[in-house]
Amino acid sequence: MITASNQSKNVCVIGAGPSGLVAAIEIRKEGHNVVVIEQNNDIGGQWLYNPSVEAEDPLGRCSTLKVHSSVYDSLRLHTPRETMGFSDFPILVKNDPRNFPGHREVFLYLQDFCEAFELREMIRFDTRVENVKMLNGGDQIGKDLSWVVKSIDNKNEMVVEELFDAVVVATGHYFHPRLPTIKGIDDWRKKQLHSHVYRVPDPFLNEVVVVVGNSLTGLDIVMELLQVAKEVHLSSKSLDLSEGLSKVISKHDTLHHHLEIDSLHEDGRVVLVDGSCIAADTIIYCTGYEYTFPFLESKGIIAVDDGRVGPPYEHTFPPSLAPSLTFIGIPRKIIGFPFFESQARWIAQLLSAKTSLPSSDDMMLSIKEFYHAKDLAGIPKYNTHDIANFEYCDKYADFAGFPRVEEWKTKLCLAALIKAEVDLEIYREFPYEEYRLPEQDSSH
């Protein structure tokens, strides 16, 4: 069993997005000293929209990306606002009254959250974390560890090294593009970009555009491009389509669906696995993102293998390093903000010795069994952290001593996801009144 001492600790939280902000609150509640280090000039993480992507590598292949946010101009929530907020701080109407508001509304919510809990005084803005390593090389792994955090001020390049009792990594996972392996991708002479740098459809006026990947982001972009492009070709791994996507294709003569790309050619041809060919102007890869922690020195304990971050117990706790090193925000396909809050609560209580983790050996055994089950089910490593399971979220909340997501919220979320499967173009406009609590307010 792993238990921390109950003394007040100095804790570094890396990132001031939603997961970093709620981590700061929960850890401060336990009486610890918290410093949040944020590379941007404001809070929000992904929700801090940045339209200036011209200087970014369009495929995101450089080691240091200039743009963190992957949010596009028209992005709206994929689930209703009521399901998203932190406990006792719902996302009420600010400027955007829609049930599925745009990204600006979420950013304003996070600003209000930050102000309500007086978090800005804890945040060091415009500062990037260059290196995080164990003090003295981690000679006492498994015992109380200390961490040296090296950070650099973006404005004056001043370097600071500080010692912390614990580090919480809350850097998100929607900023480092994941690209498919396609023959000729390096030699294709026309436009290629990852959705990380897509913002608006205007640059693709009258073009033939191939969109690779049919995630919700990919489908959002496809439907925007239909307004301006000459043709839109959606490439995905399967010809099996949802009812909603089939309806969209049947309505638009300029939208075509294909299997995967086999190869790209210098003359602009896109050859598909069935041998057919598209003469394209642009390819947009909506193929997801990689987990990356370039600043972290962990003596090889933390590694990312084809999208599988190993080995965090319950996606949060590296067995030989927790609770002095923890992660918030690795899981995908969850109701994000409430799950981050349950992670933060568990971490905070561990740091205060109010609860404990299983032994390192027991955690490693649990992780191995989890990986083995994924492998037996044929689930690719890249999908290891896709949860898509409300029962797991409930179990996690129980571990953390955190309230479960209310049943009406899970039903509302599921209803929206099911509606998206059958009515892709209009599911965000559907009222979902039968799933809402009658006393829900619509404004502050």
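## The three-stranded sheet

Three strands make up an open sheet in the order β12-β13-β14, and their pairing is antiparallel. Its edges are taken by β12 (261-264) and β14 (277-279); each has a single partner strand, so one side of each lacks a neighbour in the sheet. On average, and with direction ignored, neighbouring strands here are turned by 25 degrees against each other. This description, like the rest of the report, refers to a predicted model.

The pairing of strand β13 (residues 269-272) with β14 is antiparallel and runs over three bridges. Within that pairing, V271 has C277 in β14 as its bridge partner.

## The five-stranded sheet

A further open sheet consists of five strands in the order β8-β15-β9-β10-β11, with parallel pairing. The edge strands are β8 (191-194) and β11 (255-258), and each of them pairs on one side only. From one strand to the next, the twist averages 20 degrees.

Inside this sheet, strand β9 (residues 208-212) is joined to strand β10 (residues 231-235) by five bridges in the parallel sense. V209 stands opposite V232 in β10. In a regular strand, side chains alternate between the two faces of the sheet.

## The β5-β6 hairpin

Strand β5 (residues 147-153) and strand β6 (residues 159-164) run antiparallel and are joined by six bridges. V149 has E162 of β6 opposite it. The hairpin has five residues between the strands, and E157 takes a positive phi near 60 degrees in this hairpin.

## Helices α1 and α2

Helix α1 (residues 18-29) and helix α2 (residues 103-116) have axes that come within 11 Å and cross at roughly 15 degrees. Angles under 35 degrees count as roughly parallel, and α1 and α2 are therefore roughly parallel to each other. The crossing in which α1 passes α2 is left-handed.

On the α1 side the contact is made by P18, L21, V22 and I25, and on the α2 side by L110, F113 and C114. By class, the residues of this contact of α1 with α2 are seven nonpolar, no polar and no charged.

## Helices α5 and α7

The axes of helix α5 (residues 336-351) and helix α7 (residues 390-400) come within 8 Å, with a crossing angle of roughly 25 degrees. That angle makes α5 roughly parallel to α7. α5 passes α7 in a left-handed crossing.

From α5, the contact takes in F339, S342, Q343, R345, W346 and Q349; from α7, it takes in Y392, C393, Y396, A397, F399 and A400. The contact of α5 with α7 divides into eight nonpolar, three polar and one charged residues.

## Helices α4 and α8

For helix α4 (residues 243-251) and helix α8 (residues 407-422), the axes come within 4 Å and cross at roughly 35 degrees. The residues that meet are E243, G244 and K247 in α4 and A420, E421 and V422 in α8. In the contact of α4 with α8, two residues are nonpolar, one is polar and three are charged.

## Aromatic pairs

The structure holds 24 aromatic pairs. One of them is formed by F100 and Y432; this pair is tilted, with 5.9 Å from centre to centre and 50 degrees between the planes. The pair links distant parts of the chain, 332 residues apart: F100 is in the loop between β2 (33-37) and α2, whereas Y432 is in the segment after α8.

## Backbone exceptions

Most peptide bonds are trans, and most residues other than glycine have a negative phi. Against that background, a cis peptide bond joins G310 and P311, with omega of about -5 degrees. P311 is in the loop between β17 (308-310) and β18 (325-327). The bond from A322 to P323 is also cis, with omega near 5 degrees. P323 likewise lies in the loop between β17 and β18.

N206 is a residue other than glycine with a positive phi, near 60 degrees. The position of N206 is in the loop between β8 and β9. The positive phi near 60 degrees of E157, in the hairpin of β5 and β6, belongs under this heading as well.

Terms used: Residues numbered from 1 in each chain as written. Predicted model: local features only at pLDDT ≥ 70, side-chain atom pairs only at ≥ 80, totals over all residues. Heavy atoms only, no water. Axes fitted to C-alpha atoms, helices over the stretch in contact; angles between N-to-C directions. Helix = DSSP H or I, 4+ residues; strand = E, 2+ residues; numbered from the N terminus. Contact = heavy atoms within 4.5 Å. Nonpolar A, V, L, I, M, F, W, Y, C, P; charged D, E, K, R; others polar. Pairing = 2+ DSSP bridges. Parallel < 35°, antiparallel > 145°, perpendicular 65-115°, else oblique. Left-handed = near helix turned anticlockwise from the far one by under 90°. Phe/Tyr/Trp six-rings, centres within 6.5 Å; stacked < 30°, edge-to-face > 60°.
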